[in-house]
Amino acid sequence: MKEDLKSRLRPGLSAGEGVNIVREYLQARILGSLQRSGAMVPLAFQGGTALRFLYSLRRYSEDLDFALERPESGYDFRSYLTAIRSDLIREGYVAAAKVNDRKVVHSAFVQFPGLLWELGLSTQRNEILSIKIEVDTRPPAGAGLETSVVRRHLTLRLQHHDPASLFAGKLHAILQRPFVKGRDLYDLVWYLSDRTWPPPNLELLNEALRQTGWTGREVDPASWPGAVKARLAEADWARVISDVRPFLESV
């Protein structure tokens, strides 16, 4: 499988674009391992990488984010990571995993030491490419779920938050992050530019806001745009641009 990855790095590709392609390819391999290990029964895919895989968002993303929506269906974070690592080693990669499952949000870094150097994308032999996996084990209530077949690098069958719930998750990030993130703003424009996209799941959004200490009023269909507009008025636009620029897909 490593040879398949190498074949996707066309001549003349910039190092930054190459790293984005490699990361996304490995994200697909990790998603495949999660699917085979049964993780996509209790877990729902969410966040920016979900938009990329499900709806072909024109920006790359770094992390794989999930919500534990069906804990009764069985959930074992460490066994999923063991399966991921075994699959990657079988495919010829040097792979390691660093895990932190002592908090509500379980997280892990799947690490690929030396891979970027091997692929000619780094001058540092020991540079480590890492892919972060996060699972919110106590997600806010109210998310809608769907299952989709995705064909991106390989064929995947993924459970995920429905469109209205994905939108709500992005609005929560914009309203509650310590600063306005360029990738969040890019995604917001993407959502708003699609007239067929449903309005945000406000039940989920309000529950998420309460869960994270929101001090404002409950948002409704009339008030959420104003809350977002006020938040964007605080943006550091130089920081916004520098955050999103490395992840934009070249035309």
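Cover over the buried residues of helix H7 (residues 182-192) in this predicted model is provided by elements that include H3, helix H6 (163-176), helix H9 (224-232) and helix H10 (237-244), where helices (H or I, at least four residues) and strands (E, at least two) are DSSP runs numbered from the N terminus and contact means heavy atoms within 4.5 Å. Eight of the eleven residues of H7 are buried, so this helix is largely enclosed by the rest of the structure; buried means under 20% relative accessible area, exposed over 50%, and partly exposed in between, with a 1.4 Å probe and protein chains only. The buried residues of H7 are Gly182, Arg183, Asp184, Leu185, Asp187, Leu188, Trp190 and Tyr191. Residues are numbered from 1 along each chain as its sequence is written. Because the model is predicted, local features need pLDDT of at least 70 and side-chain atom pairs count only at pLDDT 80 or more, whereas totals for chains, interfaces and linings use all residues, and side-chain values use heavy atoms, with hydrogens and water left out.

Helix H3 (residues 48-55) also packs against helix H2 (residues 15-36), the two axes coming within 12 Å and crossing at roughly 85°; axes are lines fitted to C-alpha atoms, for helices over the stretch in contact, and angles run from 0 to 180 degrees between N-to-C directions. H2 and H3 are therefore roughly perpendicular to each other, given that angles under 35 degrees count as roughly parallel, over 145 as roughly antiparallel, 65 to 115 as roughly perpendicular and the rest as oblique. At this contact, Glu24, Gln27, Ala28 and Leu31 of H2 meet Thr49, Arg52 and Phe53 of H3. By class, three nonpolar, two polar and two charged residues take part in the contact of H2 with H3, with Ala, Val, Leu, Ile, Met, Phe, Trp, Tyr, Cys and Pro counted as nonpolar, Asp, Glu, Lys and Arg as charged, and the others, Gly among them, as polar.

Arg152, found in strand E6 (residues 145-152), is buried, with a relative accessible area of 17%. Residues up to four places away in sequence not being counted, Arg152 touches Glu24, Ala28, Arg52, Phe53 and Ser56. Arg152 and Arg52 are 100 residues apart in sequence, and their C-alpha atoms are 9.4 Å apart in space. Ser56 is found in the loop between H3 and strand E2 (64-68) and, at 42% relative accessibility, counts as partly exposed. The phi of Ser56 is near 60°, a positive value in a residue other than glycine. His153, in the loop between E6 and strand E7 (154-161), likewise has a positive phi, of about 75°, although it is not a glycine, and counts as partly exposed at 24% relative accessibility. Most residues other than glycine have a negative phi.

Ser107 is found in strand E4 (residues 105-113) and counts as buried at 13% relative accessibility. With residues up to four places away in sequence left aside, Ser107 touches Phe77, Lys98, Val99, Asn100, Lys132, Ile133 and Glu134.

Overall, the protein chain has ten helices and seven strands, and of its 251 residues 49% count as buried. Among contacts between residues at least 6 apart in sequence, 68% join residues at least 24 apart. The C-alpha trace spans about 50 × 45 × 35 Å along its principal axes.
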